[in-house]
Each structure stands twice: as C-alpha cells, then as structure tokens.
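Student: I would like to learn how to read the features of a structure. Please take me through the case shown here.

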Amino acid sequence: MKFVDEATIDVTAGNGGSGCISFRREKFIPFGGPNGGDGGRGGHVYVVADRNINTLIDYRYARHHEARNGEQGRGSDQFGAAGDDIVLRMPVGTIIRDFETGEVMMELLEHGEKRLLAKGGDGGFGNLHYKTSTNRAPRKKTVGWPGEAYKLKLELRVLADVGLLGMPNAGKSTLIAAISNARPKIADYPFTTLHPNLGVVRVGPEKSFVVADIPGLIEGASEGAGLGHLFLRHLQRTRVLLHVVDLAPFDDTDPVKQARAIVNELKIYDEELYNKPRWLVLNKLDMVPEAERVTRVLEFVRRYGWKGPVFQISALTRQGCEQLVQTIYKHVASMQEHHEEADIRFDVEASLPMAADLMARAGLQYDDDLTSLVKPKQAAARKTVAKKAPAKKAVAQKAPAKKVATKKAAVKTAATPKTAPAKPASKKVAAKPVAAKKAVAVKPVAVKKAAVTKAAPAKKAAVKTAVVKKAQAQKLATKKVAAKKAPAKKAPAKKAAR
Ligand SMILES: Nc1nc2c(ncn2[C@@H]2O[C@H](COP(=O)(O)OP(=O)(O)OP(=O)(O)O)[C@@H](O)[C@H]2O)c(=O)[nH]1
Ligand SMILES: [Mg+2]
C-alpha cells in the first residue's frame, strides 16, 4: 500500500441546535407556562491512535471531516438530541499541527489514545430556560453555539527504537530483513526502498524492539538530491541511529567520503538528530578477503576519525548480526527503564565495542588533522569556501569570454568587406543566365510573330464564321422573345373571359 506520511485535513465539529419558544396549550389550560426545550449539542471530532494503521493515506483522499449539528429544541419540553460524534483513526506517531500557525496541537504516542480534536457547539436555550418568578411567559431563546473548526496538518513520524541511516545500496534493507520480521524489497540498485519500513526484532520472549529502515540518503539531499530529506524525520523519535556503511562498494567510491557526506546531511537537517547516539555499522564484510578485513576496518576508522561504537557485520551472511541485536536491545531496554531520552553514550559506552579501543589495541593512532574532518560543520564550512573560490574564478573566466566575443565581432567586420567584392562577382554570374534567358526569349517571340502572320487568313475565316453565328443567334433570340410575348398578350384575354 502507498505510504503517505503527510496530509492536510479540515475538521469541523457540529453546531449546537437552537432553543425553542413554545407555550403549553391544552384543553382548559389556555395560558400554560413556557415549554420550549434547549437545542442539542453539536457532535465532537475525536482522534484515536491505532497501531494497526501505519500510513495517513486515508486522509489524502478524505479531507473534510464534519460532525453532525445538534437538533433544535421543540415544544412540550423536548430538548434536541446531540449530534453524533465522529472518530478519526490515525497511526501511532502522528503529529497534529495547526495548518496556519504550524503549532503542535497534539501528538499521538500510544495505541488507543483518544483525544478531542474539535469540540461541538453547545445547544441554545429554549424559553423554558428563561422562566422566572417575575417573567412567567418569556419570549426569549438563544441559537446554538458554533462548533470548532480547524485546518490541520498531519505528519507521521514512525515510532521506532532504532533507525537505519546510510547511502543507497549500503545494505539497510538487507540488515532489517536479517534481524527482524520485516521483508522489504532488496535489490542491487540505489533507491530500492522508497518509504520507511518498520521491523520488530524479537530478542527473546517478551523482549523486542522496533527498527526503522528509511530510503538511502545521498550528498546534497538538503538541496533535494535523491529523495532528499523527506524521510529523515522518521528517525527523529528513535533512540539510536545505526549508520550503515558499505565497506566493499562495487565502484571506486570512497566509503569514508560517503560516510562524512551522510553525517553532514544529518547535521544540516537537524542538529538534534545529529547529536543522537550514532553507531557505526560496517557492512558487507563478507566481500572483503578475510586477511584484509582487520586492516580495512582500521583504515576506515582511522581515516574517518571515528572513536565511537563500531560493529562489523555482513547482513547477507548474518555474521555479527546477533551481537549487534543483543547490544541494541540492552541499550534500548535500559533507556526504556529510565524513561528518559538522555544521551546514553556516556553511561553505557563501556559495554560497547569502541573504535578507539580497536585502534589502541592495534597500536594505531588517529591523525590529528583528521579529527577536524569528523566535525561536519567545519567540513561544510571548508567546502563552501572551496566552492566559492572557483566561482570567483569562473567570473574571472567570463572576462576572456567577452574578449573572445569582441574578437569574433572584429573578425566578422573584417570579413564583411571581403564578402562585399563577392557581390559583383555574383552579379556577373547572375547576369549570364539573364542574357542566356533573353537570348532564349527572343526566339519564341519571333516564332509567335511568324505564327501570327501565318494565322492571319485563319483569323479572317474565324471572324466570318463568328459573324454568321452571331446573326443566327440574334434571329433565334427575336423568335424566342416573340414566343414569350405571345402568352403575355393572351393573359388579359383570359381575365376578360372570367
Ligand atoms: N555481499 C553482500 N551483499 C550485501 C550485503 N548486504 C547487502 N548486500 C547487497 O547489497 C545490495 C543492496 O542492498 P539493500 O539492502 O537493498 O540496500 P539499501 O541500503 O536498503 O538500499 P536502498 O534501499 O536503495 O537505500 C543488495 O544486492 C544486497 O544483496 C552483505 O552483507 N554482503
Ligand atoms: Mg533499502
């Protein structure tokens, strides 16, 4: 089913029914007291979190949600019935904001949580309500109050304990398929995953945690490259991020450079997300020859300047996955116990396989200058500076372009006089065929003249025949006219007969 994590809806609660003015009128009771009832309350709009729904697709198509109005009050002390409430079911993890202000109205965090979204208007009062000892026949009522109406922006942020982060093709979906019950699409081309997938990892009886796999992130995502930052918000509610890195890429891309680019994008998107506990997961180790593995990992860690937790796995062969799952569960469970979103990096670091320890054991040291590269902000600043400088150069390069243009113009002007003498030449060329044409044209004229002289007796003959024909035609015409005139003369004779 299509995954939709944003929607805009209008909710309108029902208006209250108006009150009624009525008096009791019965046999032998001519002036009974007021008996107009109150109007009914308008229906409310509620929202309920439902864990069985995991997308906001319903709200893409059904955008207006209106509760019924309350009934009007009636005579004989009848109060109007309240309008029916409506309940909107939304996935757990939905954030409801006011569309205009962007202010968060509520967040649905637990299954079954029911909240009032828009309150129905109260019903108006009937004249029964205004009866007092001094005014025993009140002719007064009130109309119902209007229900609340909001334009809302819904945003779904999946609720997961662990989020997977990484370049396309890093093996995120393979990892979630290896450790959880999720079965996302896995393929060897980038952007296989187009929407977040959630997987429940069962560690033991009643022991589980949820992992979120999101589409791959690439450099320039903040400017909309790839699928952009669209899905990063789904990592905002996680407790730990697993940064999956492909250690054996098919092409000659540098894993260190790519890992840095990802972290940089994370920082551009949200500082808080950047500061979340992040563990490095080096994947596809099965593709690296066994003898090279240790050096490849150490080399990566050294160049990347990473000192935090690091895991070496192969999502395909599931090597190292069990240790990863157990470690994650331990940390997630400890955080759940404490019910706090505190940074666990410092209290639990001792139990994690740290990159710094690996380096120390191997007797290697980080390059000092490399540590600065780990801080993406500086790296980004450097990049922008580096990018700006060539831009200036480009401007400088434009000047020669202008020169070239002026040169070209000069060449053109110089070239035009050259072409000018070519014109007479072309005239000469053109003149020749004209002369030839004239020569040719003369002949037919002579021929025609000759033909005319020859045709002269023929013309005379033709004229004669034409004269004869004309005379005959005239004779015929006079005959016809005479024939036509004859009936005209007969007509008055007919009239006379009548
Ligand atoms: N040899 C080997 N191949 C792997 C491993 N993990 C993933 N792959 C392969 O890498 C390719 C990409 O894997 P995916 O899991 O689809 O990658 P992804 O990170 O989800 O990619 P996107 O969904 O595009 O972001 C697939 O062909 C996997 O079979 C691994 O540990 N070893
Ligand atoms: Mg994927």
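The dialogue below goes from the ligand sites to the sheets and then to one helix.

Tutor: This is a predicted model, in which local features need pLDDT of at least 70 and side-chain atom pairs count only at pLDDT 80 or more, while totals for chains, interfaces and linings use all residues. Residues are numbered from 1 along each chain as its sequence is written, chains are lettered from A and ligands numbered from 1 in the order written, and side-chain values use heavy atoms, with hydrogens and water left out.

Student: Which residues are the protein donors of the magnesium ion?

Tutor: Donors are N, O and S atoms within 2.8 Å of the metal (3.2 Å for Na, K and Ca); water is not among the atoms, so sites may look incomplete. Here the protein donors of the magnesium ion, ligand 2, are Ser173 through OG and Thr193 through OG1, at 1.9 to 2.0 Å. The two are 20 residues apart: serine 173 sits in helix H2 (residues 172–179), threonine 193 in the loop between H2 and strand S10 (197–204). Helices (H or I, at least four residues) and strands (E, at least two) are DSSP runs, numbered from the N terminus.

Student: Is serine 173 buried or exposed?

Tutor: Buried means under 20% relative accessible area, exposed over 50%, and partly exposed in between, with a 1.4 Å probe and protein chains only. Serine 173 has a relative accessible area of 9%, so it is buried. Threonine 193 is buried as well.

Student: What polar contact does the side chain of serine 173 make with aspartate 213?

Tutor: A polar contact is a pair of N or O atoms within 3.5 Å; within protein, one must be able to donate a hydrogen and the other to accept it, and residues adjacent in sequence count only if both atoms are side-chain atoms. The side chains of serine 173 and aspartate 213 are joined by such a contact of 2.8 Å. The side chain of serine 173 also has an N or O atom 2.7 Å from an oxygen atom of ligand 1. For threonine 174, a polar side-chain atom lies 2.5 Å from an oxygen of that ligand, and for asparagine 169 a backbone N or O atom lies 2.9 Å from one.

Student: How is strand S12 placed, and which strands pair with it?

Tutor: Two strands pair if DSSP finds at least two bridges between them. Strand S9 (residues 162–166) runs parallel to S12 and is joined to it by five bridges, with glycine 163 opposite leucine 241. S12 also pairs in the parallel sense with strand S13 (residues 278–283), over six bridges; there leucine 242 has tryptophan 279 as its bridge partner. Seven of the seven residues of S12 (residues 240–246) are buried, so the strand is largely enclosed by the rest of the structure.

Student: In what order do the strands of the five-stranded open sheet lie?

Tutor: The order is S3-S1-S8-S5-S6, with mixed pairing. Strands S3 (64–66) and S6 (104–107) are the edges, each pairing on one side only. Strand S5 (residues 94–98) pairs with S6 in the antiparallel sense over three bridges, and isoleucine 96 stands opposite methionine 106.

Student: How does the span of helix H3 agree with its number of residues?

Tutor: The expected span of a helix is 1.5 Å times one less than its number of residues. The 15 residues of H3 (residues 255–269) should therefore span 21 Å, and the end C-alpha atoms are 21 Å apart, which agrees. H3 is mostly covered, with eleven of its 15 residues buried, among them Val256, Ile262 and Leu266.
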